[in-house]
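Please work through the exercises below with the sequence and the structure side by side, and try each task before reading its solution.

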Amino acid sequence: MLDTTPLRSTVALVTGASSGIGQATARRLAAEGATVVLVARRQDRIDLLAKEIVEQGGDALALAADLTDAVAAAGVVAATVEQLGRLDTVVNAAGVMLLGDSAQAPLHEWQQMVDVNLKGLLHVTKAALPHLVDAATTSPRQVADVVNISSIAGRFAIPNAAVYNATKFGVTAATESWRQEFARRNVRFSVVEPGLVETELMSHQQAPVRERMEARFADVEQLRPDDIAEAVAYVVTSPRRRAVAEIVIRPTDQV
Ligand code: NDP
């Protein structure tokens, strides 16, 4: 018989769970049977999502943290293992995109992208590694997963996106290096690289940049967060023998 809850008895930590791709992924992994740990700064949002998941028969724990703070990031991993006893899956979805003319760009926007997209992901992954190796060794599934949400901007550089490109190329490169390093220890590392997804990501940009981008993509039917969540679910519910290293997903009409 088909197992409808392949992640039963596993714990999945999802960053960026207050919005967009992370939120949809947390819902989806909970539906696959995982106990989900919801991480983001906005406590009210993750509390609400945890409540929704529990009401639907799932298990969830909301842990607010600013992942740019290495101690706070390690703290959510430690609290996960302390309260739930294990960690099998990490989905690093927290991120910011602040594009625009490099000569005019405020330096703090560049720093924020490096701090969240790259350093935040490194902080969480570093703290999680020993627990993932342990889960892959001791769990009945004999496998653990890290799925990093990079971007098509992690494969192709474009103008006005130098630092976003740099962070996402960095995520893609680190993920491939970790994949090789941990393959023989049954910890799979995957990168999911979406094109345009309808989320709050665009809303954080300065108005002129946002308006230019909205005009440029006005006739594109954007992906939905659930489209990405489905890709993540495919990766992490794959049987132990199958490691999905990389998935690129674009809206059909995005060139
Ligand atoms: P959203 O803006 O909807 O979500 C971003 C998430 O990141 C929020 O949950 C936010 O939570 C969290 N976050 C931001 N800063 C921090 C921080 N300092 N500490 C902890 N959490 C933080 O965007 P998306 O869902 O679209 O983005 C998710 C990922 O997908 C990002 O990495 C993005 O680069 C990538 N991506 C998105 C695409 C798109 O078109 N939308 C395309 C390709 C890739 P909070 O504010 O509560 O802390």
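This is a predicted model: local features need pLDDT of at least 70, side-chain atom pairs count only at pLDDT 80 or more; totals for chains, interfaces and linings use all residues.

**Exercise 1.** Classify the ring pair of W178 and F189 from the distance between the ring centres and the angle between the planes, and state which parts of the chain the pair ties together.

*Solution.* The centres of the two rings, those of W178 and F189, lie 5.5 Å apart, and rings count as a pair if their centres lie within 6.5 Å. The planes stand at 35°, so the pair is tilted, since planes under 30 degrees apart would count as stacked and those over 60 as edge-to-face. For the location, W178 belongs to helix 5 (residues 162–182), while F189 belongs to strand 6 (residues 187–194), so the pair ties together parts that are 11 residues apart in sequence. Both W178 and F189 are buried.

**Exercise 2.** Find how many aromatic pairs the structure holds, and work out which residues form one aromatic cluster.

*Solution.* The structure holds 2 aromatic pairs. Besides the pair of W178 and F189, there is the pair of F182 and F189, whose ring centres are 5.7 Å apart and whose planes are at 40°, so this pair is tilted. F182 is buried, as is F189. F189 takes part in the pair with W178 and in the pair with F182, and W178, F182 and F189 form one aromatic cluster.

**Exercise 3.** Decide whether helix 1 and helix 7 are roughly parallel or oblique to each other, and describe the residues of their contact.

*Solution.* The axes of helix 1 (residues 20–31) and helix 7 (residues 225–236) come within 8 Å and cross at roughly 50°. Angles under 35 degrees count as roughly parallel, and helix 1 and helix 7 are therefore oblique to each other. Their crossing is right-handed. On the side of helix 1 the contact includes I21, A24 and R28, and on the side of helix 7 it includes I228, A229 and V232. The residues of this contact divide into 9 nonpolar, 2 polar and 3 charged.

**Exercise 4.** Carry out the corresponding analysis for helix 1 and helix 2.

*Solution.* Helix 1 and helix 2 (residues 43–55) pack with their axes 11 Å apart, at an angle of about 25°. Helix 1 and helix 2 are therefore roughly parallel to each other, and their crossing is right-handed. Q23, A26, R27 and A30 of helix 1 make the contact with L49, E52 and I53 of helix 2. The contact residues divide into 4 nonpolar, 1 polar and 2 charged.

Notes
Residues are numbered from 1 along each chain as its sequence is written. Side-chain values use heavy atoms; hydrogens and water are left out. Rings of Phe, Tyr and Trp (its six-membered ring) pair if their centres lie within 6.5 Å; planes under 30 degrees apart count as stacked, over 60 as edge-to-face and the rest as tilted. Helices (H or I, at least four residues) and strands (E, at least two) are DSSP runs, numbered from the N terminus. Buried means under 20% relative accessible area, exposed over 50%, partly exposed in between (1.4 Å probe, protein chains only). Axes are lines fitted to C-alpha atoms, for helices over the stretch in contact, and angles run from 0 to 180 degrees between N-to-C directions. Angles under 35 degrees count as roughly parallel, over 145 as roughly antiparallel, 65 to 115 as roughly perpendicular and the rest as oblique. A crossing is left-handed if the near helix is turned anticlockwise from the far one by less than a right angle, and right-handed if clockwise. Contact means heavy atoms within 4.5 Å. Ala, Val, Leu, Ile, Met, Phe, Trp, Tyr, Cys and Pro count as nonpolar, Asp, Glu, Lys and Arg as charged, and the others, Gly among them, as polar.
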